[in-house]
Amino acid sequence: MCNLSQKIKEIGIETGIEMGKREMIMKMYNKGYTAAQIADVAEMDEEQIKDIIKNSELLTV
């Protein structure tokens, strides 16, 4: 049971980090940064950045 609660905690932390990263990406995009610039700062692939932006725009429509 102890391992299960630790795993749940780790998943929650990872989810929070991912949400924070997506938020940062969208803030940079809304300020005019290019996908390439965001990818460089976030240390991610440019295609991943474009997918995040595209999915975020679909959610706000």
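**Reading salt bridges**

Mentor: Start with Glu-47, which counts as partly exposed at 46% relative accessibility. Keep in mind that this is a predicted model.

Trainee: Okay, and how do I read a salt bridge in general?

Mentor: The general idea is that side chains of opposite charge can pair when their charged atoms come close. Here, the cut-off is 4 Å between the side-chain nitrogen and the carboxyl oxygen.

Trainee: How many salt bridges does the structure hold?

Mentor: Three. Glu-47 takes part in one of them, meeting Lys-50 at 3.8 Å, N to O. The two sit three residues apart in helix H3, about one turn of the helix.

Trainee: Which residues do salt bridges with shared partners join into one network?

Mentor: Glu-46, Glu-47 and Lys-50. Lys-50 also pairs with Glu-46, and there the closest N and O atoms are 3.7 Å apart. That pair is separated by about one helical turn, because Lys-50 and Glu-46 lie four residues apart in helix H3, residues 46-60.

Trainee: Are Lys-27 and Glu-23 buried or exposed?

Mentor: Both Lys-27 and Glu-23 are exposed.

Notes
Residues are numbered from 1 along each chain as its sequence is written. This is a predicted model: local features need pLDDT of at least 70, side-chain atom pairs count only at pLDDT 80 or more; totals for chains, interfaces and linings use all residues. Side-chain values use heavy atoms; hydrogens and water are left out. Buried means under 20% relative accessible area, exposed over 50%, partly exposed in between (1.4 Å probe, protein chains only).
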